[in-house]
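Here is a friendly walk through one structure, with the cut-offs spelled out along the way. Please have your viewer ready.

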Amino acid sequence: MIKKLVYQLLQQRHFWRGVSFSELSELYVSACLRMLAISTLMVFVPFYLYQQGYSIAAIFVCFGSFFVARAFSDIGAGFTVARFGPKHTMIVACILQVISALFFLTVPTQHWPAWLLGVPWGMSASFYFIAFHVEFSKIKHLRHAGKEIGYMHIMEKIGAIIGPLLGGLAGALLGPAYIFVIATLVLLASLWPLFRTQEPVRTHQRLDFKGFPITKVTTDLRAYSALGIENTLCINLWPLYLSLFALQG
């Protein structure tokens, strides 16, 4: 149903692609479903942890371990993409996200260390985004990549809008535990569209960082660092602030 809707809305805007739009549409659908699952779950994590007795400092430790795990996992994700391809790497990301959801789900009984909660969460993000960017770079249209990136962001924003509504309804009507269950099911569903086509790259390759022009991307690194800080504040810390100070009634 979602893929049919994507075809109706976007195929006419990709008239230059012809039949190759199918693979891009699958990535659109997968990105939308994954963002739906993540936003259903993660927007409630800070306040959920606070309700379970974690201090504000511990919640910051959780987010800190998330980014530290990402810093180290990005390299491993790159080698995994080279070896198995981006689509199979996304399976690893999904498994890690399910493990992360299980950690959060069992917090009331196990009360895991805050740093441990952030590790599988961060690893999942690394394996997904490295694979996603490789996948998109291989199937994008050379002359219209900017438009396709824009449509990709639109699909992700749609999922990000619906996710908190879905999570809020699940938490209010069924209980907090069902937020993690629903998010996990949607996350698994996001993998299905990807494997209707083959890997877009040759597998069993080797990564080589020799001669990487780091000086040419320093400006991009600064810009993307600022974007990461902004996303963290908006998606995670802003809901915590609202829950603690603005919505106490």
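## Ground rules and disulfides

A disulfide here is a pair of cysteine sulfur atoms within 2.5 Å. By that criterion, the structure holds zero disulfides. Cysteine 62 counts as buried because its relative accessibility is 1%, and cysteine 94 is likewise buried because its value is 5%. For these classes, buried means under 20% relative accessible area, exposed means over 50%, and partly exposed lies in between (1.4 Å probe, protein chains only).

This is a predicted model, in which local features need pLDDT of at least 70 and side-chain atom pairs count only at pLDDT 80 or more, while totals for chains, interfaces and linings use all residues. Residues are numbered from 1 along each chain as its sequence is written, and side-chain values use heavy atoms, with hydrogens and water left out.

## The overall fold

The protein chain has ten helices and zero strands, so its pattern along the sequence is written α-α-α-α-α-α-α-α-α-α, where helices (H or I, at least four residues) and strands (E, at least two) are DSSP runs numbered from the N terminus. Of the 249 residues in the chain, 42% are buried.

How much surface does the protein chain expose? About 14,000 Å², with carbon and sulfur atoms supplying 69% of it; the areas come from the Shrake-Rupley method with a 1.4 Å probe, and for residues only the protein chains shown count as cover. Contact means heavy atoms within 4.5 Å. Among contacts between residues at least 6 apart in sequence, 83% join residues at least 24 apart.

## The largest cavity

Rolling a probe the size of a water molecule over the atoms shows where empty space is left. On a 1 Å grid over the protein atoms alone, a cavity is a set of points where a 1.4 Å probe fits but cannot get out, and lining residues have an atom within 4 Å of a point. Grid points are joined across faces, edges and corners, and a volume is the space filled by probe spheres set on the points. The structure holds three cavities of 30 Å³ or more, and the largest has a volume of about 70 Å³.

Which helices each supply at least two residues of the lining of the largest cavity? They are α2 (21–42), α5 (86–105) and α7 (114–139). Helix α5 gives the most, with four residues. The lining includes Ser30, Arg34, Met90, Cys94, Tyr128 and Leu191. By class, the lining has seven nonpolar, four polar and one charged residues. In this scheme Ala, Val, Leu, Ile, Met, Phe, Trp, Tyr, Cys and Pro count as nonpolar, Asp, Glu, Lys and Arg as charged, and the others, Gly among them, as polar.

## Buried residues in the helices

Helix α5 contains proline 86 and serine 100. Proline 86 counts as buried because its relative accessible area is 0%, and serine 100 is buried because its relative accessibility is 0%. Leaving aside residues up to four places away in sequence, proline 86 touches Val81, Ala131, Val134, Glu135, Glu199, Pro200 and Val201. With neighbours within four places left out, serine 100 is in contact with Met42, Leu117, Pro120 and Trp121.

Proline 86 and tyrosine 128 are 42 residues apart along the chain, with their C-alpha atoms separated by 8.4 Å. In helix α2, tyrosine 28 is buried, with a relative accessible area of 0%; its C-alpha atom is 9.9 Å from that of isoleucine 149, 121 residues away in sequence.

## Partly exposed and exposed sites

Serine 137, in helix α7, counts as partly exposed because its relative accessible area is 34%.

Most residues other than glycine have a negative phi. Histidine 111 has a positive phi near 50° and sits in the loop between α6 (107–110) and α7. Is histidine 111 buried or partly exposed? At 43% relative accessibility, histidine 111 is partly exposed. Histidine 204 also has a positive phi, of about 55°, and lies in the loop between α9 (176–189) and α10 (218–246). Histidine 204 counts as exposed because its relative accessibility is 52%.

Definitions and conventions: 1 Å grid on protein atoms, 1.4 Å probe; cavity = no way out; pocket = protein on both sides within 12 Å on 5 of 7 lines; lining within 4 Å.
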